[in-house]
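The sequence and the structure are shown first, and the description follows.

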Amino acid sequence: MTDDSSSSSNVKTLSFLRVGKRRLEIFQKACLKFGLTVVDHTTQNAFVLIDDELDFVSASKTVKSSTNSTPIFIRTQWLSDSIKQNRLLSYQSYVLQAAPCPILPSATETSERIHFKRERAISSSASDTDDESNSKKRQLDIQPIQPGELPRTTGIWLCSEASSSTPVVGNPNEKIIEKLREMSRLYLITNDKGRSIAYEKAIEALKRCTHPIRTYEEIKALPYVKQSLADKIWEIIRTNNLVKLSAFQSRNDVSTLALFAGVWGAGTETTKQWFAQGFRTLDDLRMRARLTRMQQIGLKYYDDFNTRIPREEVTRIETIVKEAANEVTPDLKIETCGSYRRLKATCGDIDILMTFKDGKRHVHETVLAPLIDKLKQIGFLTHDLINHSEASASTSGSTSEQLTYFGVCRLSDPGSLHRRIDLIFVPANEWACSLLYFTGSATFNRSMRRLARRLSMSLSQHGLYHGVVRKGVEKINTGQPLVTPTEESIFQYLNLPYRPPEDRDH
Ligand SMILES: Nc1ccn([C@H]2C[C@H](O)[C@@H](COP(=O)(O)OP(=O)(O)OP(=O)(O)O)O2)c(=O)n1
Ligand SMILES: [Mn+2]
């Protein structure tokens, strides 16, 4: 019954920690089948299966070992995967460990090496020939995490896989995914972000499933799928339909809210208000609604902004921005992120990220304002939407500034559409984390942030921190910043295989 026995045979007796009642029942049955004994007392037990949301620190705190030896925590995904494959898999790659800090110089490191790393940390963002694909050179920057130091990042983590290996089209559960996607979109439109995210998580789990889901037990074994959602998936499998979705789609408030959601500058609260005020069409809004300046622009260019931009046009737009920036100062590093960097054929908008090449601290305002002026002078930028600066705690501990300009641009060719463009200036030490964030996709980012959380780290567009202590969602200790000279370094800290942008299109 147990192949892979060399490693899995070590687990004979185990206990569960914080596993919900329904899942527990499924797991207990599976244990019986696999010949494992389940006991109640975690204290006497070397193997503890913990809920997938629990991190190492919380788990250790919950289990007060009387023998002073910390038990081995195994993610329940081990059993879920074993159930799916109908054989007891090796538990090794599912073991949860405390995250070591791989980049902080170890005591055995020579000062020369430390110096070298610091140099590279700064100069890598300065180099003109800084090619993100040049990973060989990058290997020098970061002390790779030693094999076995962290458990291999697999299991429930979407970000551990290339998006090309988890396509929706051709996925054995494509039909289910499509319906859940639509549910997620409609929940977002109706301002129910929580449910929308719950559906997104279920989609992530389904995308990673390599076989068609056929039984209720298989649904229950999926990570992040709670009871009511499992019932919906089961309904889709049984009936090829989802009553709730059909009902959603036929509600006229939903279709109106979806129409209004296309107005740039209108959030879900606003669209709801418009509906409550009796507006049903874009003309109603034009004639009767009180609109902000941004919403007026959003409404005026409704069709333009909702038309995807061909990749070639983004390339031309990027060239114009780069040329103008170069006239202001030749010292900038500029990268178009978002769907363009993920090599999509069309883009919703243009997301351009900038920093100073030399990695030093500069006042970005001295560049952004003249650049915007120049782009307006040549008739490229047609409207401003948002122009603001955001102070943040930087990785150097001081306050740093990120400047964001949202505007509208247009190529001079007759018939060109108005396009949404974002220009974002970031401090050099935040470059890699910003690049990662603004490249997305949003789903990929979410998965990576969740993984960081599991490893007692925190990841944002501003930086990566380790040793973070949380109580629920609240951070009790914000942890220490890690030096992240490149995107590769962030993947390494999280023990993920590096994924180029086109493989992050989840
Ligand atoms: N809620 C969000 C919104 C954005 N982003 C990040 C990931 C996105 O890839 C990036 C840019 O945001 P866009 O909305 O422009 O998304 P894309 O560029 O990916 O897609 P599109 O082609 O629709 O612009 O910002 C995120 O992580 N979470
Ligand atoms: Mn974009």
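## Sheets, helices and selected residues

Three strands, in the order E13-E14-E17, form an open sheet with antiparallel pairing. Its edge strands, each pairing on one side only, are strand E13 (457-459) and strand E17 (480-481). Strand E14 (residues 464-466) runs antiparallel to E13 and is joined to E13 by 3 bridges. Within this pair, Met-457 stands opposite His-466 in E14. Two strands are said to pair if DSSP finds at least two bridges between them. Helices (H or I, at least four residues) and strands (E, at least two) are DSSP runs numbered from the N terminus.

The model is predicted: local features need pLDDT of at least 70, side-chain atom pairs count only at pLDDT 80 or more, and totals for chains, interfaces and linings use all residues. Residues are numbered from 1 along each chain as its sequence is written, chains are lettered from A and ligands numbered from 1 in the order in which they are written, and side-chain values use heavy atoms, with hydrogens and water left out.

A second open sheet has 5 strands in the order E2-E1-E3-E4-E5, and its pairing is mixed. Strand E2 (37-38) and strand E5 (95-96) are its edge strands, each pairing on one side only. Strand E4 (residues 72-75) pairs with E5 in the antiparallel sense over 2 bridges, and Val-95 in E5 is the bridge partner of Ile-74. Helix H4 (residues 77-85) packs on this sheet and touches strand E1 (13-17), strand E3 (47-50) and E4; contact means heavy atoms within 4.5 Å. The direction of H4 makes about 45° with that of E4. Axes are lines fitted to C-alpha atoms, for helices over the stretch in contact, and angles run from 0 to 180 degrees between N-to-C directions.

How do helices H8 and H21 cross? The axes of helix H8 (residues 193-207) and helix H21 (residues 442-454) come within 11 Å and cross at roughly 90°. H8 and H21 are therefore roughly perpendicular to each other, a term for angles of 65 to 115 degrees (under 35 is roughly parallel, over 145 roughly antiparallel, and the rest oblique). Glu-200, Lys-201 and Glu-204 of H8 meet Thr-443, Arg-446, Ser-447 and Arg-450 of H21. The residues of this contact divide into no nonpolar, 2 polar and 5 charged. Here Ala, Val, Leu, Ile, Met, Phe, Trp, Tyr, Cys and Pro count as nonpolar, Asp, Glu, Lys and Arg as charged, and the others, Gly among them, as polar.

The unreviewed UniProt entry lists Lys-232 for "active site"; such annotations may be inferred rather than shown by experiment. Lys-232 lies in helix H10 (residues 227-239). Not counting residues up to four places away in sequence, Lys-232 touches Tyr-199, Leu-242 and Lys-244.

The table gives the accessibility of four residues. Buried means under 20% relative accessible area, exposed over 50%, and partly exposed in between (1.4 Å probe, protein chains only).

| Residue | Relative accessibility | Class |
|---|---|---|
| Lys-232 | 17% | buried |
| Asn-429 | 28% | partly exposed |
| Asn-191 | 30% | partly exposed |
| Ser-456 | 9% | buried |

Most residues other than glycine have a negative phi, and most peptide bonds are trans. Asn-191, in the loop between helix H7 (174-189) and H8, has a positive phi near 70°. Ser-456, in the loop between H21 and E13, has a positive phi of about 55°. A cis peptide bond, with omega about 0°, joins Gly-440 and Ser-441.
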